[in-house]
Amino acid sequence: MLINKELQNFKSATTDVLVVGVSKNQNNVANWEQFIEFFGGSIEQWIKEGDIQTNAKAITKIPVFSAEAKVKRVVFVGLGNRKDLTPDTLREAFGLVGKTLRKHKTSSITLWMDSFETDEIPASDAVIFAAEGMSMGAYTVENYKTTSNEADVRLEQVSFISNTDIAELVAGYEVGEIYATAVNEARTLINKPGNILTASNLADYAVELAKDYDLEVEILDKAQLEELGMGAILAVNKGSKEEPRMITIKYQATDKWEDVVGFVGKGVTFDTGGYSIKSKTGIVGMKGDMGGAAAVLGAMRIIGELRPNKNVIGVIGSTDNMISGDAFKPDDVITTFSGKTVEILNTDAEGRLVLADAVSYAKQQGANYLIDIATLTGGVITALGYDKTGALTNNKAFFESFLEASCETGEFVWQLPLTENDKKRIRKSDIADLNNSPGSDGHMIFGGGFIGEFVGDTPWIHLDIAGTSDARSSYDLGPKGGTGVMVRTLATFIERIAEQA
Ligand code: BES
Ligand code: ZN
Ligand code: ZN
């Protein structure tokens with residue numbers, strides 16, 4: 001894509017769509033007079049009369065009549081009150097622009113960046129939110145229909161009209177695109193059916209990703225997991241014909257492999273619940289039980305591309321959770337990679353088992369900080385709904401710096417408590433060190449708390465994305481389906497701590 005075309009003025013714009021930010025008071029926007037002059041004085045009248053809407057996130061499309069203009073359409077983006085405009089609103093508004101551009105099969109756009117500036121948001125930042133929002137908003141779910149698969153029209157050219165240095169805008173646009181592309185890749189993985197994306201397919205994807213971005217990758221197969229004694233992931237895999245995989249990707253930024261942040265993702269490619277089988281409605285959608293793995297892969301893609309100065313390891317435990325004569329059962333006792341034993345009370349609480357081994361492995365591979373991320377419990381949906389990621393932590397300072405990154409990306413994260421009493425219940429078993437399902441009361445905490453039993457003193461954050469990983473309907477930044485939640489926050493967190501170091 002060509003994204004470095006600088007334009008002097010509106011006359012020189014040859015483009016499908018010119019994108020313009022509008023608020024009630026446009027007087028402070030540089031070149032507004034010139035814009036009015038070129039496109040006709042009626043624009044101000046249209047704003048006054050509400051034909052062009054200025055409320056936040058309102059999109060107004062106007063075809064261009066003027067014979068002189070080489071612009072087919074102007075898309076006005078309502079910014080509300082400029083002084084109240086936040087990065088989140090701007091990003092979402094551009095999500096809607098992305099949907100509009102896709103609908104009109106747009107291949108070239110001109111962004112009038114000065115029209116999006118506010119006192120708080122310079123054009124050089126606005127352009128990042130623009131690229132991120134447009135490309136996330138324009139995403140469509142890959143389907144397998146044999147008919148009516150319309151060819152995608154891709155944006156081929158982006159130009160800018162701005163007083164800001166063109167190189168700065170181009171660089172910002174590229175960063176936004178890198179972030180959005182990683183989110184969209186994660187979405188595509190999440191949306192893939194369980195028969196099309198198995199653990200070994202996920203591992204193949206990771207190998208390709210590592211190749212593309214010059215990252216170190218290791219794939220452990222079933223025999224290797226057996227040799228290492230990873231009894232937890234193997235127990236979950238026992239009923240399946242598909243082999244499990246433990247996937248590790250390393251990004252080494254410094255000479256020494258030290259001060260390593262570990263991302264650990266749940267990669268359950270389909271969760272039937274096992275013998276504690278899910279209901280016929282509860283089972284639908286469980287192809288997305290690898291949303292945590294997708295988030296880790298998406299974040300590693302961004303990190304591989306932007307190369308921050310921070311060592312990062314991504315570990316993904318992947319298998320499906322199936323039923324057969326070989327499957328693990330309630331009452332079984334298993335031995336995890338760490339040596340700790342677990343009494344199985346519920347085979348549907350499989351994610352915490354997979355993650356127990358993955359977390360232990362990440363530690364063994366040198367992770368000094370751990371963030372696990374998983375579609376772990378329905379409990380988090382009961383507690384926080386579908387728009388908030390639930391969190392647990394054993395380290396306040398670590399969590400707070402993560403929270404800053406999540407505020408920047410607009411991905412809402414809320415911490416729940418993990419008390420000594422909760423831990424006591426996780427450790428309650430007559431015949432093993434732990435049990436995998438202490439009860440249904442507040443059970444998001446038991447799910448994450450179980451993983452906490454394997455992190456020791458390592459600073460740790462648990463992220464339960466069961467509510468946020470899959471959108472039940474389309475939203476400003478994307479369609480129904482996989483959201484790619486936490487891809488941007490994980491990567492932003494690494495970028496920020498790398499800058500601070
Ligand atoms: N994969 C599910 C959690 C889930 C639920 C993800 C809804 C996405 C949407 C997880 O493995 C699970 O089944 N958890 C159980 C745990 C329970 C048996 C202790 C749950 O939350 O009901
Ligand atoms: Zn389950
Ligand atoms: Zn699950």
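Trainee: Before that, what should I know about the model and the numbering?

Mentor: This is a predicted model, where local features need pLDDT of at least 70 and side-chain atom pairs count only at pLDDT 80 or more, while totals for chains, interfaces and linings use all residues. Residues are numbered from 1 along each chain as its sequence is written, chains are lettered from A and ligands numbered from 1 in the order in which they are written, and side-chain values use heavy atoms, with hydrogens and water left out.

Trainee: OK, how many salt bridges does the structure hold?

Mentor: It holds 24 salt bridges, a salt bridge being a side-chain nitrogen of Lys or Arg within 4 Å of a carboxyl oxygen of Asp or Glu.

Trainee: Which residue does Glu92 pair with?

Mentor: Glu92 forms a salt bridge with Lys57, and their closest N and O atoms are 2.7 Å apart. Glu92 lies in helix 3 and Lys57 in the loop between helix 2 and strand 3, so the pair ties together parts that are 35 residues apart in sequence; helices (H or I, at least four residues) and strands (E, at least two) are DSSP runs, numbered from the N terminus.

Trainee: And Asp259 with Lys310, where do they sit?

Mentor: Asp259 and Lys310 form a salt bridge with the closest N and O atoms 3.0 Å apart. Asp259 is in the loop between strand 8 and strand 9, and Lys310 in the loop between helix 9 and strand 10, 51 residues apart.

Trainee: Is Lys310 buried or exposed?

Mentor: Lys310 is buried, at 10% relative accessible area, whereas Asp259 is partly exposed at 38%. Buried means under 20% relative accessible area, exposed over 50% and partly exposed in between, with a 1.4 Å probe and protein chains only.

Trainee: Which residues are linked in a network of salt bridges?

Mentor: Asp88, Arg91, Glu132, Glu411 and Arg488 are linked in such a network.

Trainee: Changing topic, what does Leu306 touch?

Mentor: Leu306, which is placed in helix 9 (residues 291-306), touches Ile178, Tyr179 and Glu495, leaving aside residues up to four places away in sequence; contact means heavy atoms within 4.5 Å. Leu306 is partly exposed, with a relative accessible area of 24%.

Trainee: How far apart are Leu306 and Tyr213?

Mentor: Leu306 and Tyr213 are 93 residues apart in sequence and 9.8 Å apart in space, C-alpha to C-alpha.
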